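The sequence and the structure are shown first.

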Amino acid sequence: MQGLPPLAVDCACCGGRLNERIEHCPNCEAPVSLSHAVATRSSAQNFISVLGASNAGKTVFLGLLLDILSKGPEEFRGMATSAFSVDLQEQVVTALENRSFPEKTPNEADLWKWLHCQISMMQKKGIRDVDLISPDFAGEAIAMEVNQAGMYPAIQSIVSKSTGLLLLCDSMRVRDEGSAEDLFGMKLASYIAQQHELSNEHAAQQRKRSNGPALAIVFTKCDGCSEARDDPAGFAANNTPRLFEFCRRTFRDHAFFAASVAGSSGILSDETGCQQRDPFHVQPQGILEPLRWLVSRSE
């Protein structure tokens, strides 16, 4: 005897009606399992997007973030709400345990992994639960969407819904290739402002009447860039002046952070001469701080 079809729900990403036995939303490719998981939750749901250029460390950051949250202290802890969220955590943790970084995220939206977890925070009035929803976007897909809005509906929908965003920048590339990283970071920040209707000419007035999204700019891989680790805001002002000034003028809530996953890493060559960076040992720093800050801004 066949089971009953799942109840129809709205897509948690784009809002489209999902009333067939399908795996992904036909509009934005968000997994239907996510929408069913969201529909069963009673907690406040906060979309937090993680954006950044290719190889900025988005996949590792997200996977390790969930792993740290699941083992975190009582005052700030997060647990996956369904099995599909554990896939990203498993991919990242397994790779790091084998002293390697996970494979690049594919450009196809139906192959992206999504994170959905409940964060519990101790507050003066008791425990507050917040659902955190974040996809692992491919860096190349982000770049294409920024250049031509609407190419990836999932990115556009999630960014426009996000109460907080993490903008990841590779600190070593920023230090060594400052202008290119600065300009791409500014394009990302401009895209976010556009999706939240924070136009440049009226940004000051809009900031006063509406909080808009909170933006955390995170310099990743700071184990190889002590300048970013020691003073993220100063590093941003000196190395990404365009991004720094744009954020100051456009986003009322923004802050700069530094994070790293590997205590140290190095570039290794295989027998064919192909080079890749591998972690020598895992020593996370600054992973939770940007999320704590973003969640505090959603109260």
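## Helix crossing

H4 crosses H7 in the left-handed sense, meaning that the near helix is turned anticlockwise from the far one by less than a right angle (clockwise would be right-handed). The axes of H4 (residues 139-147) and H7 come within 10 Å and cross at roughly 65°. Such axes are lines fitted to C-alpha atoms, for helices over the stretch in contact, with angles from 0 to 180 degrees between N-to-C directions. Helices (H or I, at least four residues) and strands (E, at least two) are DSSP runs numbered from the N terminus.

On H4, the contact (heavy atoms within 4.5 Å) is made by Ile142, Ala143, Glu145, Val146 and Asn147; H7 contributes Phe184, Lys187, Leu188 and Tyr191. These residues comprise 6 nonpolar, 1 polar and 2 charged, where Ala, Val, Leu, Ile, Met, Phe, Trp, Tyr, Cys and Pro count as nonpolar, Asp, Glu, Lys and Arg as charged, and the others, Gly among them, as polar.

## Basis of the model

The model is predicted: local features need pLDDT of at least 70, side-chain atom pairs count only at pLDDT 80 or more, and totals for chains, interfaces and linings use all residues. Residues are numbered from 1 along each chain as its sequence is written, and side-chain values use heavy atoms, leaving out hydrogens and water.

## Positive phi angles

Asn55, although not a glycine, has a positive phi of about 70°. Asn55 is placed in the loop between strand S3 (44-52) and helix H2 (58-70). With a relative accessible area of 45%, Asn55 is partly exposed (buried is under 20%, exposed over 50%, partly exposed in between; 1.4 Å probe, protein chains only).

Glu197, also not a glycine, has a positive phi of about 55°. The loop between helix H7 (178-195) and helix H8 (203-209) holds Glu197, which is exposed at 64% relative accessibility.
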